[in-house]
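Please look over the model below before reading the points that follow.

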Amino acid sequence: QDVDLRLLGGVWSRQLDWRQAVGSVSGYLGEEDAMNAGGKHNGRHYAGLRGGLNWQPAEGQSAYVLAGYQWVKHVTVDPVFAAERKDQLAQLTLGWEKKIDKRLKLKAKIELSTNSSNIALYEYRRRQLSLTLDAGF
């Protein structure tokens, strides 16, 4: 989408004494103006919160958990649904990475997402599982 974006955010993070862990909390406010992207109804205002923890369960491994929640309000009535769209998105991600050698990593990730909307077409629950072999050159 071709939008004009304004975004303001902040993050607080802290190194913990447990397994080289780093915890973080962040928040953001955003606005997208979509006058030239298929109609003004594609513009939106949103706010969100995220939290995460990264740690090393063993030598050569890293793991993380991320959680987020986002509120979205579109700026005008959708011409197809005759309603002003409002969504709430919740996400949870769990990931793990194992360094096999200096150029090769094995990664596993599960992402859970739920979007609630006042327009039923935009409601969903998504579960994604990925296993990746990452080779650097």
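1. Arg85 sits in the loop that connects β4 (61-74) and β5 (86-101). Helices (H or I, at least four residues) and strands (E, at least two) are DSSP runs, numbered from the N terminus. The model is predicted: local features need pLDDT of at least 70, side-chain atom pairs count only at pLDDT 80 or more, and totals for chains, interfaces and linings use all residues. Residues are numbered from 1 along each chain as its sequence is written, and side-chain values use heavy atoms, with hydrogens and water left out.

2. Is Arg85 buried or exposed? Arg85 has a relative accessible area of 17% and is therefore buried (under 20% relative accessible area; exposed is over 50%, partly exposed in between; 1.4 Å probe, protein chains only).

3. The side chains of Arg85 and Asp87 form a polar contact at 2.5 Å (a pair of N or O atoms within 3.5 Å; within protein, one must be able to donate a hydrogen and the other to accept it, and residues adjacent in sequence count only if both atoms are side-chain atoms). Leaving aside residues up to four places away in sequence, Arg85 touches several others, among them His74, Ser117 and Tyr122; contact means heavy atoms within 4.5 Å.

4. His74 belongs to strand β4 and is buried, at 8% relative accessibility. Its C-alpha atom is separated by 4.0 Å from that of Arg44, 30 residues apart along the chain.

5. Strands β1 (residues 4-15) and β2 (residues 22-33) pair antiparallel over 12 bridges; pairing requires at least two bridges found by DSSP. Leu8 has Leu29 in β2 as its bridge partner.
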